[in-house]
Structure formats: C-alpha cells, structure tokens
Amino acid sequence: MAGVEVVSEQGFRTDGRKPNELRRIRCKQGVFSHADGSAYIEQGNTKVLATVYGPHEIRGSRSKALHDRAYVNCQFSMATFSTGERKQRPRGDRKSTEMTMHMKQTFEATILTQLYPRSQIDIFVEVLQADGGNFAACVNAATLALIDAGIPLKDYVCACTVGFVDDVTIVDINHLEETNHIAEFTVAMLPKSEQFVMLEMSSRLHLDHLSKVMDMATKACKDVHLVLDRAVRDHVSEVWQQLGNT
Amino acid sequence: MKDHPLSNCEEKFVLAAIAENRRFDGRGVYIYRPIVILYGHDRGCCHVQIGCTRVLAQVSCEVIIPKQTRPNEGVLHMNVELSPMACPSFEAGKQSDYGVEVNRALERLLRDSLCIDLESLCIMSGEKVWQIRVDVHVLNHDGNLIDCSSIAAIAALSHFRRPDVTVSGEEVTIHPLDEKDAVPLSVNHIPLSVTFAFFDQGRTLLVDPTDQEERVMDGKMVVGINKHRELCMLHVSGKMLVLQDQVVRCVNIAAARVGEITDLIKDTLEKDNAARKSGKEFGFAKCLADVILGVDDLLKHYVDSMSVDTTSVGQTAKTVVDADGNRVQMEVDNAETGNVSIKVPGTGKMSTNTEGGAVTWCEGEESDSDVILLDKNDSTSSEVSSKQVSAVVELSDSEEESVLMTSQDLERTELSKSRAIETRENRGGRCRGKSFGGRNRGKRGRGNGQRYF
Amino acid sequence: MSCLKQSNLRGFACEQSCLTRSDGSATFNQGETTVLAAVYGPVEVKLSKEHVEKAAVDVIYKPKVGIPGCKEKATEQLIKSTCETVLLVALHPRTAVVIVLQEMQNTGSLLSCCINACCQALMDAGINMRCLVCAVTTTVDQEGHIILDPTSKQEEDGKAVLTFAFDSKTNGVIMTTTSGIYSSQEYQECLLSAQHASAKIFEFYRDSILKKLSRVS
C-alpha cells in the first residue's frame, strides 16, 4: 500500500474530504426495546451498535461487587463480517481485550458510579462494519446508549481519531489511511472541561508536532459533541411528543 | 495464589509521603532506579533489571509464509509471559488483563512504530519471509514492567543475529552459523517507554513507580519515545482525567530520560560485542561473577571447573554388572514363576501371569508363534553377559499388543516347545506373554530407586 | 572396556534469594547453562489439587523460546516426582508447594541444572526436606566413552544421555531418566561416575549455605 497518497496536492483526501473534516455522523437512540439503553451510530462507513443494561444487581461472582461504587462491565466485539476478510475471532483476541479494557476505563472515569454501590452496569458494543476509527465510534455509540438508559454521566464522552502525515493533521481516519502506517492518535475526552479520558497513540510522531495534533483532536471531539448533542435533543423531543405532549 | 494485600494504613502512609514529594527509596520524582543490562551466551538473549524488577528476553527466528495482505514484509511477533515466579497472583498459561495490557503496549511500541525494517526480512516475496519472535519473560515484579520489558526487548533485538540467506533463482539457501557469519537485524530506531504514575488527580507525577506505588496510584501514563524526540506510543490507563498540558509535560520529561537509557543500551552492546570478538568469556555466568546486582555478596557462590576421581569406576562397574548377572541368573533359577527374563542386555521381557491368574479364555486355540512360555530351566539364560544386541523380530499377530522378541529368543522358544508341553500340564493353564509395550522398565541402577521413569 | 573420557565438571555458580516476591529462589549455573528457580510454599491450594494427608507439589517449567508443550510437561513430571521424594510433604497437609523454573541459558545438562536449582531454591525457602538432592547428566559417546556434565554438542553427538538424581544421605538414586541405547556396563559406569560427581555438588551446596549464613550469629 506504500505509494498511495493520503493527502493530494490540492489538499483532498482519498474520500474527497478536507484534512479537518469529519465523516458524516448519523445516529439513532433507542433502537432496542429490550435493553435499558441502546444506540446505533454510523461514522462514514463504520457502523456500530451499542446496548446498555443497568444499573442492576451483580450477576455471576459476588466477589466483583465494590462496596462504594458500581462495577462497569464492558464487552467489545467485532462481527465476523465486519472486516474485508472474515474475522475468525469476534472477541477474546488481544486487540479486542485491549479495546474492552480501554472502554471500561473510559466509562469508569465518566459514569457517576458512586451513586450505585454494589451494582453492575453492562455496556455491550458490536462493530457491524469496520472502516477505520472503530474504537472512537464505539465510545460515541456507548455514550449515546448510556444517555438513552438515563445513567448519570459527568459529561458526554466524545472520541475521535487524528492522524499526522506529511506535516498535515488529518481528522477521523478511515481504514485506507490507517493501513498506510501513519501516526495515529485515538482520543476520548469530555468536551466541556477539555479533559482527556483516554489517549492512545501508535506509530511515530515528532514531539514538535504534538501540540498541534492535540489541539486538532480537541477541536474534532468538540465537533463530534455538537453532532451527538443535537441527536440527543432531537430524540428527546420526539419521545416527548410521542408520549402525547407538545 | 493470592498476593499480599495492601493494608489501609500502608496505603495512607504511601499517599501521604508522595503528597510531600517523598519516595520510600529516597529517589527524586523523575529519577529511575539503577538499570542493569546483561547479555546471555546465545545471540538475542538479554536480561534487564530495574531495581528489583527483572525481565528476560530472547529473540528467535524462523521462516514462514507471509500474510496475504503484506507479501513482501516479514513478521515481528511479541509475546510477554507473566511468570508465576514474578508475582504469586500471576497464573501460568492464562493471560490476565494486565498481561494483555503489557503485551499490547509492547506490540505498539515495537511493531507499530516500525523499529525493525520488515521489508529486509523478506526472502522470496509472497512465499518465504523471516518471522522474528521475541519472548519476554517477567522474572520478578517490583513495578514498572512495561519499561523493563521494552528495554529488554529492544536490547535483545539489537543483540540478535539471524542466519544469512542467499537466493539464486528459485533456490533459497539458509547458511548455518559455522558457514557464514550471522547478519544483524536492521534496527531503524530504539523506542523505549517511560511510565508515569499519577496521584492526587494528576497533581503529583512519579517516574518509574515501584510495586507499592503502583498499587496506590490513580492511573498511569506510558510514553513511548526514542532518542530523536519522536513519540512512538502513548498509553493512558486507570480511571483518571488528564489535561493537555500534563501530557505535554510528561512527554518532555520522558524525552530527557530516554536519551540516557539509549546510551546505556548502546554501551553494553558494544562491550558485549568486544568481549565476543576478543574471545573473552561472555554470558550470564560471567556476569554473575562480576556485576554486583544490589544484593549481598554472601548470597553468591562460585567454584571453577572440578575434576571427579573416576579411576576405579570401570572396574567397579564390571564387578557390579557381573554380580548382577549372576544374581539375575540365580533368581531365574530359583524363581517359582519366572517373571522377569533378561536374555540380552538392553531388552527386558515380562509376563503378567502372576496377576489375576492364567488366561483361560482362549483355550483350545493354539498357534506356535502366539504363545511364549517362560521356562525357568532355560539353559540359555547364562548368556546374560553377552554384549551383542541381536536382531529384534516383531510378531504382530497377537490380538492385544505386538510382541517383540529377539531372534535368539525365537530359537529358544522353538527349543523349549517340547519342554513347554510338560510344564503346561504341570501348571494347568496357558499364559500369554505380554510385551513390554508401554511400560518400559529399563534396567535399574543398584541404588534404592524408589522412583523410576 | 569403556573408559571415562571426560571426568571434569564445568564450573558451578549459584545465587540465592535473587527474587523478592517468592518464598525462596535460586539461580544455578553449570558452566554456561543457567536455570532460575522460584519456590512458593506452603501456600493455599485449589480444591481440585488438594491432598488430605500431604502437600501437593506443583512444578511449572518455562522454556526460553516458544509455548510450553509436551516435552516441558514431561520435564515437569520428572522434577515433581524427584521433589516429592525429597520434601517432607506429610508435614503440610492441604497445602501446595509451587516450584517455578525458568530456562535462562542452555548449553547442555539442562535437566540436572534444573534439579540443582530446585534444591537450592527449596533450601532458600526453608521447606522441610528429608535430604538434599542433586542431579548429574552423563553421555555415552559413539565410541562408548562416558562424558560427565556434557555440553549440548556432546549430548547431540552421543548415543545415549543419562541423568541421575541422588540423595545426600545415602547417595542413593532418587530418579533416573535415560534416552538412547547403552549397555548395562555403560549404565553402571555412568551411574558410578555420577555418584562420585554428586559428592562434589553436595560439597558446593554446603559451602554456599555456610557462606550465606556466615554473617548470621
């Protein structure tokens, strides 16, 4: 794949976006009636489904119960049909376990767990189509699902991927750009306080460009926040109307 | 196994000390514990110690078929094993969450940052490439496993030499080490990780936390960086929220620390190469004798090569063997039911007719080659001390197991057939000789062997 | 008549208490072969492995490269049976003694190095033993000569490799494992030379313990 230009001379990327443009985000809340909260999000071609159950009593071993907080149980899985070649192990391999741990850590920091001691909150995320930025889409979907379930959060958790190639910062990387071994930052943050909940970086990036990249990441997350906020408000007013109120 | 739990008082004490910027070992907040790097006898073997944390890394290579999506790139495979010797809560075999975290951190640091040029590992595009495998074993856990493992892995990769390969047309020749000198891997850059522990909502930072500090911290950040100030990996874990300027501050501190560690690695590599070239001793044994690893000298002991006085061995052995032979002969003569028969050195035969009585269900059916009778009056058992191992013939028409007999045995059974008829009538039954199939009771030593294998 | 070709043992080195988390640990070097052993015990045991009248001995052997397989399991069983003979397991019922071995360098005689490291680690941990144990590897080469403490090349070229483990009180054989073809004369010679060699190793154990405890009043 070497030799494919990520950003052309005119400043356009392979899918016609400008470097600082996000992909189109479409989302919907309340897609499952059975779950306490659920959401579906599409970021470009990446499609993710998230469901939330809880807070409920601890299932399984009682030893997991924490006396002062809720226990957050996450599961990240990629459907076997989500990638170009059939994925052999939907969950349980190293990368999925790592993603699960990151998600757990992200939401343990954001959910007000001290309101629900000795209980459990389950977050299940399934990637239906993977086209880059899988983890970011999962975090966004999980945020929407948690809001749908009515679980109190410190703030929205907005996630985005940022890349750096040829002195250009690009936002919301797709799969083609990922395979080109570019420096990739995955960031999840609370937009109002500008605090990072999760930071992951791979490949090489010179320190001098670090601030530039992080500023771009902050801005991208804030843009994602605007979109998610709009979606939540629309959903709430729709539900309000359906319940027979104006 | 359960690990020692940390008591509440201990936790409070550590946190209070850290709030005053004081650490238990008296270090500064941004200072590393002493790092010791040793190389083993094999190429690609490296042992790193940061304080009391110890890690062993070994690099090996093998030829495999490349991935379809990347036909002209080799493969770098990392495997970090958290051994139960490092910490009682680590389980052998099963990979815990912490194990996955360390594995993925190292994979991203070394593999995704392209520290090894993978295209140079290609032998034949689409058919044969080198797979470089790095096995990292954690020997002792006293905090900061990721840093220690990263130093061990990259030092081992720089130390390793792979066999030279020549490709002529369709033929690929891999030269063994005595034919052609081994080739080093092409290391592009040396990425190292620096771990920061956060306390008090990110207000206090510590570099290189010990195990005690790790247990009470809010969260940690691992910064992977190389000497040229290129960020290779960033990993934040734990339930904490960080600000952008905290990240930038950490990264700058890391950049300062990494330079020193890279120089240390290069230094030790040069020393080891020089020792190998000049024919001096190298390897762990030599290092044990030299380096003071922060422990008392009284715990180490060393003796040079010793010679063992074995002048009388040959004679004594012969006496034993002869005596053994005579004893066996006597036992065979005196035994009521000859269980064990040693016809020829190196083979043994056993019948199980003393367990459960004679086999009676195949009475009436008789074929010469099936039945082997052990006759106590066998006159040919005096050939015990003969040294020749005669040809072994396999008779496989037994329903149970195949029976192995030496050709000498066959002759003897023919001889003893006539005697067999008499003894059979005496004993009133037939027995089927069982071969020593799975239970190999080889010769036992003369000592009191309670266990044998 | 077979004769002894090499009756030299390579230099020994050992370091005790090298690990901080385990109850006992030791590194044992035979020439360039190095093995690190760690012992936990007596510790709690899983119900499935529990014995009502004795301690369960669990051995974990980790090779340097690759994933442990059948060969490693076989080595574990050998070492386990040796240790069960030597430890006074009846003194600690319903517990487990866990021994973890890590191969650090292998230039021949690996199994005997493992058992020696094991014994030193058990001494360091202070678990009750009825006697000390040491192991010696011998090889019979193609001409029928016996080689003590062989290197990897000598082991490969030889026609048989025999390892014996001895106890310190009676110098009797606790464990024997062999691979290859050999005559009973060769076997006896190997056994006797190994017994002579084991005396040296027990001397080494004694000296190292005396040194370790010399400062303790």
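This report covers a predicted model, from its annotated domains to its interfaces, helices and side-chain pairs.

## Ground rules

Residues are numbered from 1 along each chain as its sequence is written, while chains are lettered from A in the order in which they are written. In this predicted model local features need pLDDT of at least 70, side-chain atom pairs count only at pLDDT 80 or more, and totals for chains, interfaces and linings use all residues; side-chain values use heavy atoms, with hydrogens and water left out.

## Annotated domains

UniProt, in an unreviewed entry, places "domain: Exoribonuclease phosphorolytic" on residues 21–152 and 155–220 of chain A. For chain B the unreviewed entry lists residues 33–163 and 189–256 under that name. Such annotations may be inferred rather than shown by experiment; feature names are shortened and positions follow the numbering used here.

Helices and strands here are DSSP runs (H or I, at least four residues, for helices; E, at least two, for strands), numbered from the N terminus. Residues 21–152 of chain A are 25% helix and 33% strand. Residues 155–220 of chain A are 23% helix and 45% strand, with end C-alpha atoms 16 Å apart. In chain B, residues 33–163 are 24% helix and 37% strand, and their end C-alpha atoms are 36 Å apart. Residues 189–256 of chain B are 28% helix and 41% strand.

## Chain B overall

Chain B has eight helices and 20 strands. Of its 453 residues, 49% are buried. Buried means under 20% relative accessible area, exposed over 50%, and partly exposed in between (1.4 Å probe, protein chains only). Contact means heavy atoms within 4.5 Å. Among chain B contacts between residues at least 6 apart in sequence, 71% join residues at least 24 apart.

## Interface of chains A and B

Here 35 residues of chain A contact 41 residues of chain B. The two chains bury about 3300 Å² between them, 56% of it on carbon and sulfur atoms. Buried area is the accessible area (1.4 Å probe) that two parts lose on being put together, summed over both. R94(A), R204(A) and L207(A) supply 23% of the area that chain A buries against chain B, more than any other three residues.

Five salt bridges cross this interface. A salt bridge is a side-chain nitrogen of Lys or Arg within 4 Å of a carboxyl oxygen of Asp or Glu. One pairs R204(A) with E230(B) at 3.3 Å, N to O.

## Interface of chains B and C

Between chains B and C, 71 residues of chain B contact 68 residues of chain C. About 6100 Å² is buried, 60% of it on carbon and sulfur atoms.

Four salt bridges cross here. In one, D211(B) meets R21(C), with the closest N and O atoms 3.2 Å apart. D211(B) lies in helix α4 (residues 211–216) of chain B and R21(C) in the loop between β3 (12–16) and β4 (24–30) of chain C, so the pair joins two chains. D211(B) is buried at 10% relative accessibility. R21(C) is also buried, at 16%.

## Helix α1 of chain A

K104(A) and E108(A) form a salt bridge at 3.3 Å. Both lie in helix α1 of chain A, four residues apart, about one turn of the helix. K104(A) is partly exposed at 24% relative accessibility, whereas E108(A) is buried at 17%.

T110(A) lies in helix α1 (residues 94–110) as well. T110(A) counts as buried because its relative accessibility is 1%. Residues that T110(A) touches include L153(A), D155(A) and V197(A).

## Helices of chain C

Helix α1 (residues 70–86) of chain C has 17 residues and reaches 25 Å, close to the 24 Å expected at 1.5 Å a residue. That expected span is 1.5 Å times one less than the number of residues. Its buried residues include E72(C), L78(C), I79(C) and C83(C). Among the elements covering them are β6 (56–62), β7 (96–105) and α2 (110–125) of chain C.

In helix α4 (residues 184–212) of chain C, F202(C) and Y205(C) sit three residues apart. Both are buried. They form an edge-to-face aromatic pair, 6.0 Å centre to centre with 75° between the planes. Rings of Phe, Tyr and Trp (its six-membered ring) pair if their centres lie within 6.5 Å; planes under 30 degrees apart count as stacked, over 60 as edge-to-face and the rest as tilted. Ring pairs link F12(C), F28(C), F202(C), F204(C) and Y205(C) into a cluster.

Conventions:
Lists of a residue's contacts leave out its neighbours within four places in sequence.
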